[in-house]
Each structure stands twice: as C-alpha cells, then as structure tokens.
Amino acid sequence: MEVTMKNTQNILSKIATNDGHGENSPYFDGWKAYDANPFHSKHNPTGVIQMGLAENMLCFDLIQEWIQANPTASICTPQGASDFKEIAIFQDYHGLPEFRNSIANFMSRVRGNRVTFDPDRIVMSGGATGAHETLAFCLANPGEAFLVPTPYYPGFDRDLGWRTGVKLLPVVCESSNNFKITSEALETAYEKAKLANIKVKGLLITNPSNPLGTFLDRETLKDLVTFITDKNIHLICDEIYAGTVTKGDEFISIAEIIKEEPKCNLDLIHIVYSLSKDLGFPGFRVGIVYSYNNNVVNIARKMSSFGLVSTQTQHMLASMLSDNKFVDNFISESRIRLAHRHDMFTRGLAQVGIGSLESNAGLFFWMDLRRFLKEPTFESEMTFWRTIICDIKLNVSPGSSFHCSEPGWFRVCFANMDDETTMIALRRIKTFVLKNKMLEIKTMRPCWQNNQHFRLSSRRLDDMLTPHRMSPHSPLASPLVRAHN
C-alpha cells in the first residue's frame, strides 16, 4: 500500500522527514545525472564523466603492493588468521592502542614531523562526517551556530546541522583577494549573528580548502586564533586534505600555530582528520577527532560508540601506518602524482582560455567560467551547469552549491579517474569551447526532473535510479537516502 508523504510525516520524526540531508542541492543533482548515465570507456563511452567526487585513486598500486608484501596485516589471510579471535572480540571504544599510535604517527609524518600528536587524544568516528557531527554535539546546542568561510563543502550543512540542530553562518569571502579569509569578514559575520540573536559557538575552517584547493598561510591562521580567543569561541580545523599539498613543507597545521601563540586557549582548539583523502580510503570510514580539550576528548569518545571503526580495519591500518618507509614513500609519491594530474588538467584548460584559482592542494581545483555566463547571476550559473552535464556530459559542481558568493565558479575533481578518462574529459571541454566561441546559452529545464525523460536516454530517471543500477559511490545508494526519497 502506497504511503503519502503527508502520512509519512505524521508517523515519523521531524529529523527523519526534514530536508536537512541536503540531497536536493545541485551538488547531489550532479551525482544523480552521473548515476543515470555513467561513463565507461568501453560500455558507455558517451556517458557522463564523474568529476564531482573528491576521491584519491592515483596511488592504489602502492597500497596493493604493500598488502601483497604484508599478508599478516589482515586477519582474513592464512598468514594473519591466528589473530582473528583476539581482533574479532575486541570492543573497547578507545580503539586498539596500536591503531591510535599509528594514526598519530601518520598525522605527524603528513605534516613533515614538525608536530607530534598524542595517541590518547585520538577519538575514532565513522569518517570525517561522524567526526564533525560529534564535535557539533559536544560544542553547541540546537539553534547555536558556527561561522564558516565561503565557499565551503556542501556536506557541512548535513554533517554539522542535520541531526544536531546547529546552524552554519557564512563568512563571505570574495574572488577579489582569491577568497582569503579577512578579519573584516569574520567580524561582519559575527556581528550579523549577534543582531539576529544567534549565539556563535565556534569557527569552522577547512585547511587545505575544499573546494578552493588552497591552504592558509601562517599569518591568517594566527589571526583566526586571535579572533576565536577574543570571542571565546571554538576553532574546528578540518585538515583532511593535509597530505594532498603538493609541496608538503609549505602546509601549516593549526597544531604548529598553537605552539607559537602562548595566549591561545587550547581548550578551544579541535582538529578533524580522516584517511579518506590523504590515503584514499573513504570506504574504510576512518574519521578522527583530535581535541586539545580533555572534556571534549572524554565526551567524544563516549559518543564514538555510535560510529566506531571496525577492529579488522584498525588492525590492518595499524600495521600499514606504522611502516614508516611505506608511509614516507606513499606521501611523497602521492604528492608527485597529484601535482602532475593537477597540472595536466589546468594547463589543458588554459589552452582554450579557461582559468582557475591558483592552487596546489586537494583533489580538485576551482574553475573560473564566469565569462561563459549569459548574465552574472546564479540562475545563469545553473543554466550553464546544466549545459555542462547534458551537452558536455561532465559532472562538475557549481559554486552556488558551495555557498560561493559569486556566480561562475565550479569545482573540478581530477584524482578519481585514470589518465585516459582525464584526456577524454579535457577533449570534451576543448571541443565544446572551440565550437561555441560565440556561446549563447538557451534556458533549459533540469534533464533529470520528476518523470520527464532524461535528455540523453530513453529511460525515465526514476527507473534509472533504482538501487541495483546506481554507482556504488553514489550517496543515493545509501538505504537512509533511499528511504528519504
């Protein structure tokens, strides 16, 4: 029997039926378009190429070599099976001691060994998503807020706000100074919150930035510490892309800054980390809360019961990440390959007059397509974005989904594909630009809307998005999301 949405809202909770997940944003719409018509070099060479997914697939050969050379690291091999019982029954939410030690070691080596991390302050979570939500629960009450410089990762609205009731308030950054965070912008956002009678509990930053692919300099970080100290609010530093900086000695962690700032209240400083980006393991769901506040560590550890990392995963990673020779080689080689892919793409686009924000971090770059917009509006941005998906058949993410204050910017992910696919994507863009030197954008409806036929296929979208036909990487493959539809 079919249940109407109205009836569903009556029998389910407000959290279950609200739109706090953010699935209806253009960020996820692009994933739907990809899932409806996914590119495959042999089976579907005219499909949509996924460039909206920040995954790091460039060094899996190094991972596979290590696994083959270290069969005892897994309890599911004949060589490692003797540890099976001990690992399978371990359920302390502190985590395996060797796992926490290896994570602390990896975090330090990613940051050039300029700082050390205490294993006893490492709290596990189900990916960075779980880490952010845990900190939101620890630091703020429903209705209170965190300031977030724009543009910022669209998932933050879900991660920090959906179940906690916490608000995110934008700190507007602009292209005129390459989207740098200024003291003026911070003060403006803080005062605006006060006028709206919203209590600000903290500042959330991503360093390196998603989606900009840039990282903060020492003076900016010191200014941020001064700001949160003066306001007596928390500072959450998302550093999940720390190992993607192509020149590793240039990245500065907040862990370095607080050693130089004697007036800094350490109880206000918290780091979020994961292995999804630097190591390329998003499926392992390894997220880390690292807080300098003893109470937050204790409370977050209790909350971690809802999103622990499996002991099988902990066991294998403890072995891998305590192998310093492997770790150092992986970090170095990953940076080389990321830099090569970044340069390959940005130089290729420059050949047809497409620029991007100068960057050397992350798994993406911030592409400037402002000159292609018919008008400098977000409506025009969305119109052109639909052209990119439906005609060029690339899923890139529009700046408006990242809360960018200016239309015409797009995030392009480049590390989740092989070289052949990269060249095909570049060729599609070049061909489109060369054929449309005098581009006139016609208004289009979304090609995956309701029961309309998808423009590039005879099947209806609802049929195409059934679970067995979805990409395994799509958030729509989640049972939670399918239940929400």
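**Exercise 1. Decide whether His 132 is buried or exposed.**

Step 1. Find the residue: His 132 sits in helix 7 (residues 127–139). Helices (H or I, at least four residues) and strands (E, at least two) are DSSP runs, numbered from the N terminus.

Step 2. Read its relative accessible area, which is 1%.

Step 3. Apply the cut-offs: buried means under 20% relative accessible area, exposed over 50%, partly exposed in between (1.4 Å probe, protein chains only). His 132 is therefore buried.

Step 4. List its partners. Contact means heavy atoms within 4.5 Å. Neighbours within four places in sequence aside, His 132 is in contact with Phe 156, Asp 159, Leu 160, Leu 204, Ile 236, Asp 238 and Val 272.

A note on the source: this is a predicted model, where local features need pLDDT of at least 70, side-chain atom pairs count only at pLDDT 80 or more, and totals for chains, interfaces and linings use all residues. Residues are numbered from 1 along each chain as its sequence is written, and side-chain values use heavy atoms, with hydrogens and water left out.

**Exercise 2. Describe the surroundings of Leu 235.**

Step 1. Leu 235 belongs to strand 6 (residues 234–238).

Step 2. Its relative accessibility is 0%, so Leu 235 counts as buried.

Step 3. Beyond neighbours within four places in sequence, its contacts are Leu 203, Ile 205, Val 225, Ile 228, Ile 254, Leu 268, Ile 269 and His 270.

Step 4. Compare sequence and space: Phe 146 is 89 residues from Leu 235 in sequence, yet 9.1 Å away in space, C-alpha to C-alpha.

**Exercise 3. Work out how helix 4 and helix 14 are oriented to each other.**

Step 1. Helix 4 covers residues 60–69 and helix 14 covers residues 324–350.

Step 2. Their axes come within 10 Å and cross at roughly 160°. Axes are lines fitted to C-alpha atoms, for helices over the stretch in contact, and angles run from 0 to 180 degrees between N-to-C directions.

Step 3. Angles under 35 degrees count as roughly parallel, over 145 as roughly antiparallel, 65 to 115 as roughly perpendicular and the rest as oblique.

Step 4. Helix 4 brings Asp 61, Leu 62, Ile 63 and Trp 66; helix 14 brings Phe 326, Asn 329, Phe 330, Glu 333 and Arg 337.
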